[in-house]
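Biologist: Before we start, please show me the model. I would like to learn how to read its features one by one.

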Amino acid sequence: MSPRFSSRRTFLARVLSIAAVVVAAEPARAAGWAEAMFPLKEHAFGDVAVAAKCEVRFPIVNKSDKTVHIRSVRASCGCTTPIIETNYIEPGQTGTVLARFNTDTHRGKKAATLTITFDKPSFAEVQVKVSGYIRQDLVFSPGSVEFGKIPNAVGQTRSVTLTYAGRPDWEIKSVDSSKPWISAEAKLMSRSGINANYQVNVHVDPSAPQGAFHDELILTTNDRAKPRVPLLVTGEVESSLIVSPQALALGEIMPGQVVEKKLVIRGSSPFLIDSIKAKGWEIDFDAPVEPKTTHLIKARMTATGEAIGQVTGHLVVTAGEGLNAS
């Protein structure tokens with residue numbers, strides 16, 4: 001008797017990026033090619049607490065058909081530490097340079113210019129800027145809310161302590177998040193004279209989408225001069241499925257041309273693959289008939305011609321979990 005599945009539930013795994021050149025792209029221009037890769041060139045941290053973890057990633061989008069290499073990055077001020085997170089950036093890919101504001105060792109108004117030096121495909125330098133005001137009357141411990149990896153559909157809560165010294169009537173009025181699935185509250189733990197200690201509890205809801213998040217909570221206080229205090233929240237909601245490799249570089253192809261790629265798709269429990277889709281592509285594959293925790297799939301990908309030139313996107317795997325059959 002053929003298997004019958006008593007129930008199914010659907011997972012989405014948007015974990016694989018795609019890059020291709022559907023037709024030959026224009027070569028990088030000699031002048032301004034490096035500047036054109038930076039959609040963000042300036043960031044203001046605002047008024048931040050001592051020991052608060054403050055960092056920003058500057059995306060570097062390689063829209064050319066050549067590999068880009070970052071040789072070095074330097075900062076004009078010790079208040080900021082620059083970190084190259086992606087040395088080589090392939091065509092169609094995005095790299096990053098991280099700027100970390102050193103709130104534990106500096107105070108007051110600070111600003112830095114980061115000079116990013118490229119040596120491939122040719123020499124170029126690009127400058128980006130960060131700034132902020134590090135308050136002496138506020139201290140976070142720890143400096144940010146770090147959830148780490150969170151299992152899919154599982155909520156979690158983390159806490160930090162905020163210590164204030166200044167006014168006897170200072171208080172936190174509210175804590176706001178830009179994400180509907182992140183909520184927070186500030187609870188006064190103690191007050192003595194000009195000192196106040198708060199515990200800030202941050203909750204990630206089970207409905208949080210899969211993938212990494214990097215968000216700022218805003219603590220609004222009754223301080224008229226500096227009412228807003230940012231608090232960094234980071235983490236990653238793990239996918240129900242893991243697809244390898246995590247990125248596909250398809251090279252230069254023509255509309256209608258078929259490219260075959262091998263994918264390894266893993267899950268925490270046996271599953272079947274319902275579909276593999278990507279915008280601008282027709283994807284054909286031999287669907288497995290038996291639920292397994294690991295599937296080796298040969299995906300035949302055809303560019304539909306909806307986009308011409310540099311093409312990037314995400315591949316979406318939809319799978320249903322099969323439970324025991326009779």
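Modeller: Take Phe140: leaving aside neighbours within four places in sequence, Phe140 is in contact (heavy atoms within 4.5 Å) with Ala49, Val50, Ala51, Ala52, Val160, Thr161, Leu162, Leu219, Val229, Pro230 and Leu231. This is a predicted model, where local features need pLDDT of at least 70, side-chain atom pairs count only at pLDDT 80 or more, and totals for chains, interfaces and linings use all residues. Residues are numbered from 1 along each chain as its sequence is written, and side-chain values use heavy atoms, without hydrogens and water.

Biologist: Which residues have the most contacts inside the largest nonpolar core?

Modeller: In soluble globular proteins, nonpolar side chains tend to be buried together. A nonpolar core is a set of buried (under 20% relative accessible area, 1.4 Å probe, protein chains only) Ala, Val, Leu, Ile, Met, Phe, Trp, Tyr and Cys residues joined through side-chain atoms within 4.5 Å. Here the largest has 56 residues, and Phe118, Phe140, Phe213 and Leu219 have the most contacts inside it. A second, separate core of 22 residues includes Val243, Val259, Trp281 and Ile283.

Biologist: Is His69 buried or exposed?

Modeller: His69 counts as buried because its relative accessibility is 13%. Its side chain makes a polar contact with the side chain of Asp119 at 2.7 Å (N or O atoms within 3.5 Å, one able to donate a hydrogen and the other to accept it; residues adjacent in sequence count only if both atoms are side-chain atoms).

Key. Buried < 20%, exposed > 50% of the residue type's maximum accessible area, 1.4 Å probe, protein only.
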